[in-house]
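Hi,

Here is the structure I promised to hand over. Have a look at it first, and my notes follow below.

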Amino acid sequence: MSVKTNARTPKSKTKANLNGTIGVLEANPWHQAMLQLDRAANRMGLEQYIVERLRHPKRILTVSVPVKMDDGSVKVFEGYRVQHNLDRGPAKGGIRYHPQVSMDEVKALAFWMTMKCAVVNLPYGGAKGGVICNPKEMSIGEIERLTRRYTAEISIIIGPDKDIPAPDVNTNEQIMGWVMDTYSMTIGYSAPGVVTGKPLEVGGSLGRREATGRGVFYVTRELSGLHGFDLRNSPVAIQGFGNVGMNAAKIFAQHGCKVVAISDVTGGIYNDHGIDVNALIEWRAKHDSIAKYPKAERIDVDQLIEVPCDILIPAAMENTIHHGNANRVKAKYIIEGANGPTTSEADKILSRRGVIVVPDILANAGGVTVSYFEWVQDIQALFWDEKTVNAKLQDIIVKSFRDIFEIHQRDKVDMRLAAFMLGLKRLAAAVKIRGLFP
Ligand code: NAD
């Protein structure tokens with residue numbers, strides 16, 4: 001099947017033009033997150049005081065981050081760290097560098113971390129950090145200085161027992177290494193447990209790099225078993241080719257699945273015979289983009305959502321599946337590798353059309369699960385082999401999937417609602433046991 005191609009260079013979807021397409025509230029992640037919370041709370045009859053507490057992040061820190069740029073000037077960036085909830089343990093969540101980071105986005109991402117850790121039953125609360133910057137336009141030195149100053153600024157609330165950051169969009173292992181070093185310099189001794197997703201040499205875990213993509217694969221495989229479809233004969237489309245999207249593509253391909261479409265912010269490609277993922281990775285290393293990969297048709301960035309496929313894996317940013325394109329989704333199954341890729345308006349349309357959505361707080365929980373393993377290994381100074389990491393990851397993801405699938409069938413609710421019901425039940429129990437201080 002051929003897909004209409006677009007010869008011009010596609011523009012990336014900015015929040016500004018997304019707002020134009022879908023309206024301010026549909027484009028606001030915090031608003032979307034609160035709609036999800038209200039929906040689940042109403043369905044469960046959750047006590048209003050618990051809902052009220054979850055509507056208010058526990059701690060919000062805004063920092064200004066002055067950085068000496070390569071030209072000698074000083075530029076001041078704005079950064080955030082939000083600790084949404086700590087009732088089940090220390091806060092956990094990534095750090096994002098992106099020009100469109102906003103407080104509402106970081107709050108929503110922190111809320112989803114609270115829910116995600118509860119869904120997979122990790123002893124953590126939820127947090128997130130972000131800096132408004134464009135790392136694509138910064139040198140390595142500038143990114144290092146930004147990271148070190150941001151870490152120093154948030155060091156008053158992070159720590160191995162308090163709040164443990166990790167990578168997210170546009171942050172990577174090296175950046176986590178600088179977070180670890182900066183925090184360690186501040187306290188006077190090495191504290192590998194302050195951050196996860198670090199290089200192996202400074203206390204990182206085997207399997208962390210691939211963990212989110214691997215978790216995406218595990219939930220899809222479970223779904224195929226329970227829904228009775230053949231994974232190898234189900235074309236897959238993946239939006240985003242970073243940590244989550246690229247590793248998901250690799251792992252699906254390793255298991256004999258056909259990845260027919262892939263996109264990143266520079267453009268998209270489609271080949272109904274399947275894309276050779278390893279060849280694409282090599283091509284990108286040389287050309288810095290996937291858009292002109294010769295062994296596939298070129299498609300527009302936005303077209304990825306609409307290509308013919310059975311399984312769609314959004315693994316880029318929030319709100320990429322919205323009321324304006326949900327009707328054009330061809331996939332039967334959406335596995336949310338990204339956080340918040342489907343708006344509530346799109347959820348309704350997809351549900352009406354019978355499309356199954358495996359929600360972010362389950363589908364991409366492989367990342368935080370292996371981050372938890374990394375933290376446990378750091379604290380014990382005792383490291384596991386990759387087979388052990390992957391086996392433990394599989395156990396947690398498969399069990400969580402089955403728990404949620406059971407609620408989905410028993411209560412006749414969609415998978416997102418089922419996941420929220422499971423997570424909120426655990427969270428509410430912790431809130432009640434701890435009581436209200438003073
Ligand atoms: P990344 O920076 O490694 O990669 C992001 C990718 O998305 C890049 O390929 C970029 O080009 C692409 N992209 C950005 N906008 C796009 C658009 N409009 N269309 C198509 N592609 C676009 O980030 P990541 O760590 O892979 O994170 C991706 C998503 O997964 C985010 O929502 C993040 O919060 C979530 N997530 C990440 C992890 C993790 O372990 N890294 C864990 C759980 C969830």
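**Notes on a helix and a sheet**

The buried residues of α3 are covered by, among others, α2 (24-27), α4 (48-54), β2 (74-85), α5 (103-119), α11 (344-352) and α15 (415-434), with contact meaning heavy atoms within 4.5 Å. Helices here are DSSP runs (H or I, at least four residues), as are strands (E, at least two), numbered from the N terminus.

Before you dig in: this is a predicted model, where local features need pLDDT of at least 70 and side-chain atom pairs pLDDT 80 or more, while totals for chains, interfaces and linings use all residues. Residues are numbered from 1 along each chain as its sequence is written, and side-chain values use heavy atoms, without hydrogens and water.

Back to α3: the helix runs over residues 29-44 and spans 23 Å from first to last C-alpha, close to the expected 22 Å (1.5 Å times one less than its number of residues). Its buried residues (under 20% relative accessible area, 1.4 Å probe, protein chains only) include Trp30, Met34, Leu37 and Ala41. After the helix comes Gly45, with a positive phi near 70 degrees.

Then there's an open, mixed sheet of seven strands, ordered β9-β8-β7-β6-β10-β11-β12 (strands pair if DSSP finds at least two bridges between them). β9 (297-299) and β12 (356-358) are the edges, each with a single partner strand, so one side of each has no neighbour in the sheet. β8 (residues 267-270) pairs with β9 antiparallel over three bridges, and Gly268 has Ile299 as its bridge partner.

Cheers

Key
Buried < 20%, exposed > 50% of the residue type's maximum accessible area, 1.4 Å probe, protein only.
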